Amino acid sequence: MRTVFFGTPAIAVPALRALHETTTVAAVVCQPDRPSGRGLSLTPPAVKVAAAGLGLPVLQPVKVRDGELSARLRGLATDAAVVMAYGRILPEDVLIAPRAGCVNLHASLLPRYRGAAPIQWAVIRGETATGVSLMQMDAGMDTGAVYTTRSLAIGPDETAGELAERLAALAAQIVREDLAAVVAGAVVASPQDPALATYAPPIRSADAV
């Protein structure tokens, strides 16, 4: 299986490594380097660093809606794209560029906690369980049909950072155990029930108090 990976922060690195172990990764797409630290020097995202260590080519498009990214993806002739915490909404031409489209590893039990900060909101709201959902991406915000979910309990004193590490490992497990069957069409996706949806918007400083 030939794939491309979309991801940016550290939580996505275990999934990238699992994808590299189980498929041929044609390219890794992450956000551009950002200024960081006191000197505001350009710092590469964690996924870029990991991809370089694996010898994988990295794309860091400034724009995703100008047609250039989708053209690059079509040229790679991939079977699927795997997305985890990329940080941008992908347009339709990118979503359909791989043969089987794009699947997303979302760190919640969908349709609960759709959005940018599912881990943090699960902790803030005192949830006792969460997980990772592997879903087919569509034009909505985490609204696509779900292929599989894996769940875990949230410890009573667990921080969002600690939980993120365990969810990252769970996402990697899904890549190793479920992705091939999904791309082969052997797994039927279940539509989400919008009546059960809850949302996890970006965290503001006031939310973390």
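This is a predicted model: local features need pLDDT of at least 70, side-chain atom pairs count only at pLDDT 80 or more; totals for chains, interfaces and linings use all residues.
**Entry 1**

For the element names I rely on DSSP runs numbered from the N terminus, with helices (H or I) of at least four residues and strands (E) of at least two. Two strands are taken to pair if DSSP finds at least two bridges between them.

The bridge of His106 belongs to the pairing of strand E7 (residues 102-106) with E8, which is antiparallel and runs over four bridges. On E9 (residues 146-153), I found that E8 pairs again in the antiparallel sense, here over seven bridges, and that Val132 has Arg150 in E9 as its bridge partner. I then looked up the burial of E8 (residues 129-136), where seven of the eight residues are buried, so the strand is largely enclosed by the rest of the structure. Buried here means under 20% relative accessible area, exposed over 50%, and partly exposed in between, with a 1.4 Å probe and protein chains only.

**Entry 2: the sheet as a whole**

I followed the strand order next and wrote down an open sheet of seven strands, E5-E2-E1-E6-E7-E8-E9, with mixed pairing. Its edge strands are E5 (58-59) and E9, each of which pairs on one side only. H6 packs on this sheet and touches E6, E7, E8 and E9, and its direction makes about 150° with that of E9. Contact means heavy atoms within 4.5 Å, and such angles run from 0 to 180 degrees between N-to-C directions, with axes being lines fitted to C-alpha atoms, for helices over the stretch in contact.

For the parallel part of the sheet, I noted that E6 (residues 80-84) and E7 run parallel and are joined by three bridges, with Val83 opposite Asn104 in E7. E1 (residues 2-7) and E2 also pair in the parallel sense, over five bridges, and Arg2 has Thr24 in E2 as its bridge partner. Strand E2 (residues 24-29) has five of its six residues buried, so I marked E2 as largely enclosed by the rest of the structure.

**Entry 3: helix H1 and its two neighbours**

I looked up how helix H1 (residues 13-22) meets helix H6 (residues 160-183), and found that their axes come within 7 Å and cross at roughly 20°. H1 and H6 are therefore roughly parallel to each other, a term for angles under 35 degrees, whereas over 145 counts as roughly antiparallel, 65 to 115 as roughly perpendicular and the rest as oblique. On the H1 side of this contact are Pro14, Ala15, Ala18, Leu19, Glu21 and Thr22, which meet Ala168, Ala172, Val175, Arg176 and Leu179 in H6. The residues of this contact divide into eight nonpolar, one polar and two charged, where Ala, Val, Leu, Ile, Met, Phe, Trp, Tyr, Cys and Pro count as nonpolar, Asp, Glu, Lys and Arg as charged, and the others, Gly among them, as polar.

For H1 and helix H2 (residues 46-53), the axes come within 9 Å and cross at roughly 25°, which makes H1 roughly parallel to H2. Val13, Leu16 and Arg17 of H1 make this contact with Ala46, Val47, Ala50 and Ala51 of H2. I count from the record of classes six nonpolar, no polar and one charged residues in the contact of H1 with H2.

**Entry 4: single residues**

Still in helix H2, I checked Ala52, which is exposed, with a relative accessible area of 55%.

I turned to the loop between E7 and helix H5 (118-124), where Pro111 lies, and noted the cis peptide bond that joins Leu110 and Pro111, with omega about 10°. Tyr113 is placed in the loop between E7 and H5 as well; Tyr113 has a positive phi of about 60° although it is not a glycine, and is buried, with a relative accessible area of 4%. Ala85, in the loop between E6 and helix H4 (92-95), has a positive phi of about 55° although it is not a glycine, and I noted Ala85 as partly exposed, with a relative accessible area of 34%.

Definitions and conventions. Residues are numbered from 1 along each chain as its sequence is written. Side-chain values use heavy atoms; hydrogens and water are left out.
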